[in-house]
Amino acid sequence: MNGLLESLAPSREKIDALQAEISKYPQAELVTRHYWADGMYCRELFRPATTVIVGKVHKKEHLLIVAQGSLRIWTEDGMKTVEAPFIWVSKPGTKRATYALTDATVITVHQCTETDLELIDKELVED
């Protein structure tokens, strides 16, 4: 029984494998909105229902806000279903996959003074 539970447990390897598999299929064309305010950078992304996204690994703690809809979130810490309004403190090094159960809007807020998107990725995202 223990082996079965371990096989179901999320891991970085399983999330990476999911990312590799879904990259073989046509990708959704999603639009990210960007906002800046006094040392903060914010991304807003609308996800149509049934969209699967495997996110980048961030170097710094940041906020993840589900502003609309519901998501299933899968990290190395487990899987949970959340519904707006929902706020989560995302720890550095977290690899996350999400599945939009309904149309959903997700916002992340980062401490960052850069305004150039390439420099922002270099500062916030692991290679």
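Predicted model: local features only at pLDDT ≥ 70, side-chain atom pairs only at ≥ 80, totals over all residues.

Colleague: Salt bridges to start. How many salt bridges does the count come to?

Modeller: Six salt bridges, where the rule asks for a side-chain nitrogen of Lys or Arg within 4 Å of a carboxyl oxygen of Asp or Glu. One of them joins Arg 12 to Glu 76, with the closest N and O atoms 3.5 Å apart.

Colleague: Where do Arg 12 and Glu 76 lie?

Modeller: Arg 12 is in helix α2 (residues 12-22) and Glu 76 is in the loop between β5 (70-75) and β6 (78-83), so the pair ties together parts 64 residues apart in sequence. Helices (H or I, at least four residues) and strands (E, at least two) are DSSP runs, numbered from the N terminus.

Colleague: And which residue forms a salt bridge with Lys 60?

Modeller: Glu 123, with the closest N and O atoms 2.7 Å apart. That pair links distant parts of the chain: Glu 123 sits in helix α3 (residues 117-124) and Lys 60 in the loop between β3 (52-54) and β4, 63 residues apart.

Colleague: What about Lys 91, which residue does it bridge to?

Modeller: Lys 91 pairs with Glu 61, and the closest N and O atoms are 2.7 Å apart. Lys 91 is in the loop between β7 and β8 while Glu 61 is in the loop between β3 and β4, so this pair ties together parts 30 residues apart in sequence. Lys 91 has 46% relative accessibility and counts as partly exposed, because buried means under 20% relative accessible area, exposed over 50%, and partly exposed in between (1.4 Å probe, protein chains only). There's also a network of salt bridges linking Arg 43, Lys 56 and Asp 121.

Colleague: Switching to rings. Which residues form an aromatic pair?

Modeller: The structure holds one aromatic pair. Trp 36 and Tyr 41 form it, 5.5 Å centre to centre with 35 degrees between the planes, and it is tilted. Rings of Phe, Tyr and Trp (its six-membered ring) pair if their centres lie within 6.5 Å; planes under 30 degrees apart count as stacked, over 60 as edge-to-face and the rest as tilted.

Colleague: Is Tyr 41 buried or exposed?

Modeller: Tyr 41 is buried, at 1% relative accessible area, whereas Trp 36 is partly exposed at 38%.

Colleague: What sits over the ring of Trp 88?

Modeller: The charged end of Lys 80, 4.6 Å from the ring centre. The cut-offs there are NZ of Lys or CZ of Arg within 6 Å of the ring centre and within 35 degrees of the ring normal.

Colleague: Which residue stands opposite Trp 88?

Modeller: Leu 64. Strand β4 (residues 62-68) pairs with strand β7 (residues 86-90) in the antiparallel sense over five bridges; two strands pair if DSSP finds at least two bridges between them.

Colleague: How many bridges are there between β4 and β9?

Modeller: Five, with β4 and strand β9 (residues 104-111) antiparallel. Val 66 stands opposite Val 106 in β9.

Definitions and conventions
Residues numbered from 1 in each chain as written. Heavy atoms only, no water.
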